[in-house]
Each structure stands twice: as structure tokens, then as C-alpha cells.
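Subject: Structure handover

Hello,

I am passing on the structure we spoke about, with notes on what was found in it. Please look through it first and then read on.

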Amino acid sequence: MQITSSYKVEILKLHKPLEETLKVCRRAVEWLCPVIDGEWEALSRIRKEKDRFNAAEKLIHTTKNNEAKYAFDEEFPKMPSYLRRAILQHVIGTVSSARSRAGEVPWNRACRRMIRNHYMPVFYKDNMYRKEEDRVYLKLYNGKDWIWQEIHLRRTDVSYLRKHWSGIRAKSPVLIKRYRKYFLQFAFEQSVELTKKEVEKQRICAVDLGINTDAVCSIMTADGTVAARKFISFTAEKDHLYHVLGRIKKEQRKHGSKSVRSSWAYARRLNEEIARKTAGAIIAFAGQNGADVIVFEHLEMKGKIRGKSRQKLHLWKKQAVQQVAEHQAHRLGMRLSRVCAWNTSALAFDGSGKLERDKKNHSLAVFRNGKQYNCDLSASYNIGARYFIREIIKPVPETERSALAAKVPAVQRRTSCVYADLLKLREWKAGAA
């Protein structure tokens, strides 16, 4: 399996050359847009992408055997060849996409301005990017000429790249501008072989994502043994987030919604950081306990959210946690699976039926037999059980399904399976063997 990971490092100082480089690149994009759009009727007849690109390059670049139709070289003198080609490829793709979407509508000024403001240059190795031990050099535009300049990175970023990414194939870095700062984003490609263990030998990490408790993890095996458990909650970070939301609420009452745009952006960044930390903690716990598969619920929330906790539900980054965890799990060779989320928290793991939440403490539940238990921990058991039930039933022939349905009828309904049903299924399977 091919995995591409990215890591961006902040560039210290050199803001003026970086700004000039970004300006000239975006001006080149704006200059090329009407040129390629005007020649699109002829270029679109060329089917092969490589031949189309070569034909477009001959229109703007003069060589010994070619006289350019347009004065791109005079407008942007000494531009590095790889950068020119990257900009041209970007414009060709953009014009092609706009033409196909708009139904052959000529290029308009609004689209051109939008693309100019969003283009970020790529620094190809040797031509625009060079690395010598811990020193990094970029070819930048200083307003008059393109020259090599050393860029300064944080020591922590350099040591992180050396520790975690040395020996892994790196793609050409891309210049990124965010929050008035410049970053160099590296992309790394690696081949990973995911685990292929049989279900009976697997150890899984069943994860129940929550709002009050960020995640509850349980390490389980196919026979129903719970080897380890962990509650993950970043209380300090969430307290900070809620404090910021309280300030936003006060500002909105006094000055209106337009006055808190920057505060909302800050709150979103805090929320994203909590999601990344939660995913990292899940992967760390799974790796420490030798998990082969990480199991989440398939969470979908449609329709308008109502109630006292609607803001918390809107801020709940459940999908972001799963996406980050999936990427990190694949890097470590672990698989990721999802199960039906219906009734995982509503049903007791011991098979006693629906549970009742404690009114004072919503994370505690009371089973029908009077036992008190943590609701999220019970849900994580049910999530792990549903995964094993599904994987165990898959290879069972149809001729044996009727006997299975008679002995353990609950496993036929995926929306009501609980941990107790997994134990019954194991007993049936042991007796059948």
C-alpha cells in the first residue's frame, strides 16, 4: 500500500524574497490564463497530455529551434525552467477544468483572479531546491533576478525530519502561506504492508468517540478477552476552547457576528488540534498493545441538531479523528474498520437490554439488573464485539446459517449485537467444531 504523508516547516526570516517569488509566480499564472484559453481550441484537439503540454510550451518559450508566439520570456526573464513548466501545467489543467464545467465558456476575469490568489509554487530538486546536510537552499526572486538563498528552519523541525523521515522518499516541497507566515511543505511516499492475520489471531482496539470523554479504547481478542482499556480526554484543551467560545458569545451580543471572525478561526484551530491529539493518543495506545485493527463506529449525523448540547455536537470532530487515525494506523501497518453505530451506547454489553443514563452524570449508566457501569466503556465493548461477530460470520456457509440463527439469533441483527452475543457465538462455534 502506497501512503503519502506531508509535513510543513516554518521558514524563518526571508519574508521579502518569498513574497516577491509568490507575486511573480501568481502574476505568471494570471498572464498565462488568457493565452492558454485563447489557444484552447487548437490545444484541445491534442489527445495525449504530454504532446498537449509540449505544444503549449512552444507557444510561450523561445529556443534554438522554436520561436515563441507570445512574449512570456520577455515578461518573466530568467524564470527557472521547472517553475515555468509547473505554472504552465497548472494553467492548462485549470483552463481544461473550467471549460468542461462551464460548457466552453471563455475565461472570465473572476476565475483568473481566483486562481492567481491560490497558486503556490513547487520547488523542484536541483533546479530550485537544494539540500546540503542540515542546510536548505531555495532559488528565490529578489525583485531583479533569481538567486540561491539559504532558508532558516527551526531546530525542532530539522530534528523531527531527520528522526522520522530520513530514508523515506521525499517529493518536491511546496511553498505555503498561512496566517502571514511562510511554510515549506514536504511530501513523503512510503510503501507499507498491512497486517493479514486471521480473525482468531487478531487483537483489535475498539474505540468509542464521545463528546465529554474524547475517546474510550478497549483492546480485545476474538475470544472476547479485554486485555486493556483507556479513557482519553484532553480536559485542559477543551476548557481553553470553551473559554474562547464564552468570549465569542459575549462579543457577539455586544458588537455582532462580524466582530468575532478571527476568534471563530482561533476556536476552529483549537478544535482541530484536539482532534489531532485524540487520534495520536488512540494510535499510541493501539501500538503499545500490539493491535492489528482499529475499529470505529460509522458515524453520520444528518438533519438539524437541537438541544442543549447542539454546539458541542457541531464542534465534534468525529470524522477528522477517524481520518487522522486511519492515516497514522496505515503507516504502522494496522488496518481500520467501521461497524454500525446503532444502539452501541443504548444497549448494555452484558445483554441485559437497554440501559438508563444517570441524570447527574451522563457518562454513567444503570443496567436493568441494577449494575452501574461507564456507558462509553460499555459501548467500546459492543463496538469490538460487532467487529468480531461480522468477521466470524462471513465465512460461515449458508447451510449452517439456519443453525446459527436458532442458537444465537441476536447475531443476525447487526443493530442489536452486544458483547454478550460474541461470547454466545464463541460457545456455539466451539460446540459445532
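**Helix contacts around α9**

In this predicted model, the axes of α9 and α11 cross at roughly 40° and come within 8 Å. The crossing of α9 with α11 is right-handed. On the α9 side, the contact is made by A275, R276, T278, A279, G280, I282 and I283. On the α11 side, A320, V321, V324, A325, Q328 and A329 take part. By class, the residues of this contact between α9 and α11 are 9 nonpolar, 3 polar and 1 charged.

α9 also meets α8. The axes of α8 and α9 come within 10 Å, and they cross at roughly 160°. An angle over 145 degrees counts as roughly antiparallel, and α8 and α9 are therefore roughly antiparallel to each other. Their crossing is left-handed. From α8, the residues in the contact are E237, K238, H240, L241, V244, L245, I248 and Q252. From α9, they are S263, W264, Y266, A267, L270, N271, I274 and K277. The contact of α8 with α9 divides into 9 nonpolar, 4 polar and 3 charged residues.

**The cavity**

How many cavities of 30 Å³ or more does the structure hold? There is 1. The largest cavity has about 240 Å³ of space. It is lined by 17 residues, and D214, N271, L315, W316 and K317 are the closest to its centre. N271 is also one of the α9 residues in the contact with α8.

Which elements give two or more residues to the lining of the largest cavity? They are α8 (235-255), α9 (261-288), α10 (310-315) and α11 (318-331). α9 gives the most, with 4 residues. The lining of the largest cavity consists of 9 nonpolar, 3 polar and 5 charged residues.

The largest pocket holds about 1200 Å³ of space. Its lining has 28 residues, and those closest to its centre are S6, Y7, K8, E273 and R276. R276 also belongs to the contact of α9 with α11. Two or more residues of the lining of the largest pocket come from each of β1 (2-10), α7 (155-165), β7 (181-191), α9 and α11. Sorted by class, the lining of the largest pocket has 12 charged, 9 nonpolar and 7 polar residues.

The second largest pocket has a volume of about 710 Å³. Of its 23 lining residues, L209, I211, L313, W316 and R357 are the closest to its centre. W316 is also listed among the residues closest to the centre of the largest cavity. At least two residues of the lining of the second largest pocket are supplied by each of β8 (203-209), β11 (293-298) and α10. The classes in the lining of the second largest pocket are 9 polar, 8 nonpolar and 6 charged.

**Where to look**

α9 makes contact with α8 and with α11, and α9 gives residues to the lining of the largest cavity and of the largest pocket. For the second largest pocket, begin with W316, which is among the residues closest to its centre.

Regards

Conventions: Residues numbered from 1 in each chain as written. Predicted model: local features only at pLDDT ≥ 70, side-chain atom pairs only at ≥ 80, totals over all residues. Heavy atoms only, no water. 1 Å grid on protein atoms, 1.4 Å probe; cavity = no way out; pocket = protein on both sides within 12 Å on 5 of 7 lines; lining within 4 Å. Points joined across faces, edges and corners; volume = space filled by probe spheres on them. Nonpolar A, V, L, I, M, F, W, Y, C, P; charged D, E, K, R; others polar. Axes fitted to C-alpha atoms, helices over the stretch in contact; angles between N-to-C directions. Parallel < 35°, antiparallel > 145°, perpendicular 65-115°, else oblique. Left-handed = near helix turned anticlockwise from the far one by under 90°. Contact = heavy atoms within 4.5 Å.
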